[in-house]
Amino acid sequence: MKTLTTLGPLSDIPLGEGRTYAVGDDMIAIFRLRDGSLRAVSAVCPHKGGPLADGQIDNSVVVCPLHLFSWDLSTGCSQSGQPPINVYPVRVDDGQIVLGE
Amino acid sequence: MTQKLVVIGNGMAGARTVEEILARNGDYSVTMFGDEPYGNYNRIMLSNLLAGVETEEGIFLNDLGWYRDNGITLNAGVKIERIDAEAKVVHDSNGVATPYDKLIIATGSYSWTPPMKNVHNPKRGYHQGVFAFRTLDDTRGMIRYARDHERAVVIGGGLLGLEAARGLQNHVSQVTLLHAMGHLMDRQLDPKAGQMLQASVEGKLGIRVITNAMTTEILGKDRVTGVKLADGTVIDCDVVVIAAGIRPNTEMVANSGLPVERGIVVDDQMRVEGQTDIYSVGECAQHRGSLYGLVAPLWDQAKVLADHITGTTGVAYTGSKLHTKLKVAGIDVASMGLIAPEHDEDEVIVYNEPKKGIYKQLIIREDVLVGATLVGDNSKAASLIQHFDRGTALPEERSSLIFDIGGAVEESLDEMADDAQVCNCNGVSKGAICGVVAGGCGTVSGVMDKTRAGKGCGTCKPLVQRIVEWANGGAAEEDPAASWYVPGVPMPKPELMAAIRKYQLKSVSSVFDKLVPGGEHDAKSKMGLASLLKMMWADEYVDERDARFINDRVHANIQRDGTFSVVPQMKGGVTTPAQLRKIAEVAEKYGVPMVKLTGGQRIDLLGVPKEQLPAMWADLDMPSGYAYAKSFRTVKTCVGSDFCRFGVGDSTALGIAIEERFQGLEGPGKMKLAVTGCPRNCAEAYVKDLGVVAIDGGKWEIYVGGAAGAHIRKGDLLTTVDSAEEVIRLTGRFLQYYRENANWLERTYSFVPRVGIDRIREIVIDDVDGIAAALDAAVEEAVQAYKDPWKERAEPVTPGQFRTSLPLTVLPQVPVRS
Ligand SMILES: Cc1cc2nc3c(=O)[nH]c(=O)nc-3n(C[C@H](O)[C@H](O)[C@H](O)COP(=O)(O)OP(=O)(O)OC[C@H]3O[C@@H](n4cnc5c(N)ncnc54)[C@H](O)[C@@H]3O)c2cc1C
Ligand code: HEM
Ligand code: SF4
Ligand code: SF4
Ligand code: FES
């Protein structure tokens, strides 16, 4: 992803939770981990379309709220044989969430 | 410094040991040598491969990619020819010398060939048409050759020979099994049992069995045409499979000057005698004089060695007790320990029913099971194996050891088809569970994680546990995690609560930081911890919203499409025209797609988008019904003495009073209650977490631990009391006891039988522990802390609390810049 997209202030996402953003045609869930870092993944669960931003996270995985399958937030890999989710580069710049390299 | 670990033998023990070392993050660069040109496959499954019920891909445990991914150098198809223990190098068949810091020898066994004339062919090892049954190549060759031949002879009537004979039936029309001893499986079975087995193998399977058959010669010039026995009998055949036993692969090791008796001699740390850096595991190792030929002991050896080599001190392998349990196409056989009594005092219990082919023999010494043989019925094998392994005290009623007397007869797992669905929520079959166990995962929770079996409604958990035990040949591996309150904090509930109190931990993140070694947070443990902390600290609890499940963040139940359901409180299932009118108006205003009566006697508005929840609550202006939380839910009531002509108590009023008092009370699981006005039980109080039944004479019965969800159980009668006030007081006390002592997600239907109704009665009614007043006070405090969560609506508690997470409505659109 060569494009840089500013999604909004970091304060929009409570610590340890996720929120969904529409970026172009993609739905992206941004999570703010308790260690302070951000993760960005596709927002829609590949299992049955659950809203991943509503899932619970820790410093490595997100658990989909519908059937509790989980995915690694850094690699997008499923821990239980489901298809992977996309992961995107994301960072904080001057209090703003910035998506892209 | 990273040390060099070299492993000779890439079979089940070698590969498993390396897996165990990786799991302990051992700091080694690993090089493996395997004589066979493959990754690591499940040798046990060769029987299934031969029988045509498993494919080649299906039996691989670790493919070549696994070695690459884990940084292991695999030399497949390369044999080690000499170990130089002085110089710490191994020399392989390609003439390459590889140095090591630590060496593990796991060379397994080879198939032993009894002395017979003409069995070998100088050019090609075995005579054409003669096969061993040990490796994938053996099995492939056998299948290929058997395809265009018709008559097979199997030499050897032990476990392996029987499996080979059964498998060959899949390829040829005539199979004869020759056994040199007097009865089949003479190492595991007594003569009687062996004869029963033989009768079934012949009668049911159509395999011809000849015992006392000493094969002396393979007939045929360039290919097999028959075998000749010692008594001169000739049996015509065109395939011969030798399964007459195994011998450990130790020649190379002995030639290298290491100590070999029957096997490679090792100590309790699996270290080769007299060596500091050389170890041996698996069938080639001789430990305390014993060699093992089954996989279960190898797993134990692998663990001990992995612990030891990664620096855990004080670990020791002390030997394994062997048991076998198998099914030879329809015939169950299990055997453990002694096959015949040794002392006069040994208690022998025998049951024999020849017509059905059933034979059972137990040998008991000083009230401990020291041997058992079962043929034709393995329904009690798992529990016998447990008794045998653990040496637990046996029931006085010995017959209950060999029969299921009374009670539900559990379906025999042997009978259960592989594709039978076990977990109906997540669609997991028995075969899938067995596959994971065969792949080396032996704990119930591990299997549940890998397959998701038992992770839906949870009813199948006992069955999953039984299958894991069965597939493990008796007992599941000790699973310390099974006793933990949540998977991510290694403590059972009482210890966890003590630690939380000791360190005054009031938030979920502080529990992870303080009580988890390494401080790792765990998403799947947050909800359980949040519930526990809230129960323990009430008002003082530091509520981190991310610890809540989505339902608890937005006070509604998430639905399959990401919308939510709204269930207003309707105490005791009693409503009014005004309330109904208001609900109807709100439903119309918001275009609610579905309005439905719930099982808990209330009204559910389903399909509400998250962002509409606060406005809807404001319009409804009713308290939350808590139909989304692990909490006190509803009190169902019947109309009772006010209206019902049978009613003997005012169930409606009592139900409303109970709900009024305990509304929203959180706990380790849902709490669903009911009050019914007479024993006709119209409100189904017998099957509730707590059910109250009015009986004649102004009395009330209290039942606890009932359920009528996925699990059905009639509650146990806790006590009978004289007044509604007493019901309310005891309800609070029981619920508090449950809140404090049940495991996360343990509903009362498991909690009550686990603790025992008598014990619960002692505590809640008779107060023998003297904690009744404390329980009453604690529940009172929780009741006082109740706040209606639907009041939390004017301002979101967290930014974007009610923002949608799905493309249901327009999301905040952000411009895309290049
Ligand atoms: C058909 C069949 C069915 C079975 N069914 C069961 C069952 O139901 N239950 C049960 O518990 N057990 C069963 N077993 C037994 C089980 O498979 C063995 O106990 C187990 O495989 C032993 O593991 P191991 O690592 O010690 O030996 P192996 O798995 O034999 O591994 C040893 C490996 O070392 C290699 N090797 C040997 N020497 C060298 C060398 N010098 N250099 C390099 N490599 C070398 C060999 O090629 C081999 O790959 C069965 C066995 C067979 C053949
Ligand atoms: C995500 C899954 C589930 C959802 C969304 C759900 C939802 C509901 C709702 C909204 C009610 C009405 C509750 C009330 O009025 O208070 C209800 C009742 C009920 N649920 Fe569930 N439930 C789920 C899972 C389960 C499971 C797994 C079981 C069984 C183990 C179960 C058993 C019941 C029973 C027995 C009732 C009737 C309760 C009564 O009569 O009091 N539910 N469920
Ligand atoms: S409402 Fe209950 S029974 Fe119906 S589909 Fe959902 S979980 Fe199953
Ligand atoms: S339980 Fe008894 S009192 Fe209640 S409605 Fe039924 S018959 Fe009437
Ligand atoms: S939809 Fe995400 S786990 Fe089922």
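## Two tryptophans in chain B

Select Trp617(B) and Trp790(B): both residues are buried. This is a predicted model, and what follows should be read as such. With ring centres 5.4 Å apart and planes at 10°, Trp617(B) and Trp790(B) count as stacked, because planes under 30 degrees apart fall in that class. Now colour by secondary structure. Trp617(B) belongs to helix H19 (residues 613-620) of chain B, while Trp790(B) is in the segment after helix H25 (772-784) of chain B. The pair links distant parts of the chain, 173 residues apart.

## Other aromatic groups

Over all chains, a search of the whole structure finds 16 aromatic pairs. For another of them, select Tyr292(B) and Tyr317(B), an edge-to-face pair at 6.4 Å centre to centre with 80° between the planes. Which parts of chain B does this pair tie together? Tyr292(B) lies in the loop between strand S24 (285-287) and helix H8 (295-309), and Tyr317(B) lies in the loop between H8 and strand S25 (323-328), so the pair ties together parts that are 25 residues apart in sequence. Both positions can be checked for accessibility. Tyr292(B) is buried at 7% relative accessibility, and Tyr317(B) is buried with a relative accessible area of 3%.

Next, select Tyr38(B), Tyr41(B) and Phe60(B), which form one aromatic cluster.

## Charges over rings

Show side chains for Arg680(B) and Phe646(B). The charged end of Arg680(B) sits over the ring of Phe646(B), 3.7 Å from the ring centre. Then select one residue from each chain: Arg803(B) and Tyr21(A). Here the charged end of Arg803(B) sits over the ring of Tyr21(A), at 4.7 Å from its centre.

## The largest cavity

How many cavities of 30 Å³ or more does the structure hold? There are three. The largest cavity contains about 50 Å³ of space. To find it, select its lining:

- from chain A, Glu17(A), Arg19(A) and Asp54(A);
- from chain B, Arg545(B), Ile550(B), Arg553(B), Lys610(B), Thr798(B) and Gln801(B).

Colour these residues by class. The lining of the largest cavity has six charged, two polar and one nonpolar residue.

## Helix H5 of chain B

Move to H5(B), residues 159-168, and pick out Glu163(B) within this helix. Is Glu163(B) buried or exposed? Glu163(B) has 13% relative accessibility, so it counts as buried, the limit being under 20%. Leaving aside neighbours within four places in sequence, Glu163(B) is in contact with Ser47(B) and Leu326(B).

Now extend the selection to the whole helix. Eight of the 10 residues of H5(B) are buried, so the helix is largely enclosed by the rest of the structure. Along with Glu163(B), the buried residues of H5(B) include Gly161(B), Leu162(B), Ala164(B), Ala165(B), Arg166(B), Gly167(B) and Leu168(B).

## Chain A

Chain A has 10 strands and zero helices, so the element order from the N terminus is simply β-β-β-β-β-β-β-β-β-β. Of its 101 residues, 56% count as buried. Among the contacts in chain A with a separation of 6 or more, 39% are between residues 24 or more positions apart.

Select Thr75(A), in the loop between strand S7 (70-72) and strand S8 (87-88) of chain A. Thr75(A) is partly exposed, with a relative accessible area of 46%.

Most residues other than glycine have a negative phi.

Asp94(A) has a positive phi of about 55°. Its place is the loop between strand S9 (90-93) and strand S10 (96-99) of chain A, and Asp94(A) is exposed at a relative accessible area of 73%.

Show chain B again for the last stop. Leu745(B) has a positive phi of about 65°. This residue is in the loop between helix H22 (724-741) and helix H23 (748-755) of chain B. With 48% relative accessibility, Leu745(B) counts as partly exposed.

Conventions: Residues numbered from 1 in each chain as written. Chains lettered and ligands numbered in written order. Predicted model: local features only at pLDDT ≥ 70, side-chain atom pairs only at ≥ 80, totals over all residues. Heavy atoms only, no water. Phe/Tyr/Trp six-rings, centres within 6.5 Å; stacked < 30°, edge-to-face > 60°. Helix = DSSP H or I, 4+ residues; strand = E, 2+ residues; numbered from the N terminus. Buried < 20%, exposed > 50% of the residue type's maximum accessible area, 1.4 Å probe, protein only. Lys NZ or Arg CZ within 6 Å of the ring centre and 35° of its normal. 1 Å grid on protein atoms, 1.4 Å probe; cavity = no way out; pocket = protein on both sides within 12 Å on 5 of 7 lines; lining within 4 Å. Points joined across faces, edges and corners; volume = space filled by probe spheres on them. Nonpolar A, V, L, I, M, F, W, Y, C, P; charged D, E, K, R; others polar. Contact = heavy atoms within 4.5 Å.
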